Amino acid sequence: MKISTGVILPHAPSLALLLLAALGTSSAPANAQEARKLEDLINRYRASSPTCEGRPSLRAGALASLPSLARLKFSEGNQLDQALKQAGIRMARAEAIMVSGPQNAAAAMNAIKNKYCEALVRPEYTLIGVSHEAGTWRIILARPLLSETLGNSAQAGRKVLDMVNVVRSKPRVCGDKRYPAARPLIWNDTLAKAALMHSSEMAKQNYFQHQDKDGGTAAGRARRAGYRWQRIGENIAAGQGSPQEAMKGWLASPGHCANIMNPDFSEMGAAFATSQTSDAGIYWTQVFGKPR
């Protein structure tokens, strides 16, 4: 039995590959019906709350079939990430189980269900793709990068504002500095425009920093958007598929947290932009301001 694993951790997509070479002889490629049978068996297994290594698992939701996952071609652990990128598929996490030998879906399920119980029932996964080619079954489990409830950039920006105001309503420690509760911020469309400008440029030109490719800064972008300011601040993030994940990262960083709690700011705008060809897939910008 041959097993290899590989993991890539955030902020890039988190990916893992599990390989299992089972005893037995290869069969002709299974048809689509057999692939669907294995998907169904895996979903039944997830619903059964199996015991994994002596620990009972929680009942996991059904996985939705995604044909583009089933069409991925790779043979080694370090090829999974590249296969996803080449196909234009962005996932927050993806995991593949490969097994050679079983001639049908039932035999494949028997070969993997105990060895990879924890992977099969992981509740964060929502998608599945199954294929069988040249005697090898590929089962890919995944969670998409972008949250299903993400909405458009303006909606997500408003969610960020709501979370910021919840945080500002109570005292908070950012790093080694304690901040008192602060007044809520007001949404500003011009700051949101500046935020979208920077997120879009980072996504399009595939970079992640406050200074843009032309040397521009948050202050300059706010001016170009039409915002006359006394004070300006900016937080950026990349690779987080929801406003909640972006906020979680900012609050864990003392400098970003300090911007959120800064009592001198009175207004805010936020936005995200995406690009299938960029490294992070999604880029967030949060701009704080105090007008003149």
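Strand β12 is mostly covered, with 8 of its 10 residues buried; buried here means under 20% relative accessible area, exposed means over 50%, and partly exposed lies in between (1.4 Å probe, protein chains only). The model is predicted, so that local features need pLDDT of at least 70 and side-chain atom pairs count only at pLDDT 80 or more, whereas totals for chains, interfaces and linings use all residues. Residues are numbered from 1 along each chain as its sequence is written, and side-chain values use heavy atoms, with hydrogens and water left out. Helices (H or I, at least four residues) and strands (E, at least two) are DSSP runs numbered from the N terminus.

Strand β12 belongs to an open sheet of 4 strands, in the order β11-β13-β14-β12, with mixed pairing. Two strands are taken to pair if DSSP finds at least two bridges between them. Strands of a sheet pair through backbone hydrogen bonds, either parallel or antiparallel. The edges of the sheet are formed by β11 (186–187) and β12 (229–238); each has a single partner strand, so one side of each is left without a neighbour in the sheet. Strand β11 runs parallel to β13 (residues 267–274), to which 2 bridges join it, and I186 has E267 of β13 as its bridge partner. Helix α7 (residues 189–205) lies across β11, β12, β13 and β14 (282–291), and runs at about 25° to β13. This angle is taken between N-to-C directions, on a scale from 0 to 180 degrees, with axes as lines fitted to C-alpha atoms, for helices over the stretch in contact.

The largest nonpolar core has 29 residues, and those with the most contacts inside it are V160, M247, W250, I260, M268 and W284. A nonpolar core is a set of buried Ala, Val, Leu, Ile, Met, Phe, Trp, Tyr and Cys residues joined through side-chain atoms within 4.5 Å. At least two residues of this core come from each of α6 (153–168), α9 (243–252), α10, β13 and β14, and α6 gives the most, with 6 residues. Contacts of I260, defined by heavy atoms within 4.5 Å, include V164, M247, W250 and F288, when neighbours within four places in sequence are left aside. Apart from this core lies another, of 23 residues, among them L38, I42, V99 and I139.

The count of disulfides, each a pair of cysteine sulfur atoms within 2.5 Å, comes to 2. One of them joins C52 to C117, with an S to S distance of 1.8 Å. Because C52 lies in strand β3 (residues 51–52) and C117 in helix α5 (residues 117–120), the pair ties together parts that are 65 residues apart in sequence. Both C52 and C117 are buried. A disulfide also joins C174 to C257, at an S to S distance of 1.9 Å. This pair links distant parts of the chain, with C174 in strand β9 (residues 172–174) and C257 in helix α10 (residues 254–261), 83 residues apart. The torsion about the S-S bond of C174 and C257 is about -55°, so the disulfide is left-handed.

Residue S131 is placed in strand β7 (residues 127–133) and, at 13% relative accessibility, counts as buried. With neighbours within four places in sequence left aside, S131 is in contact with A70, T136, W137 and R138.
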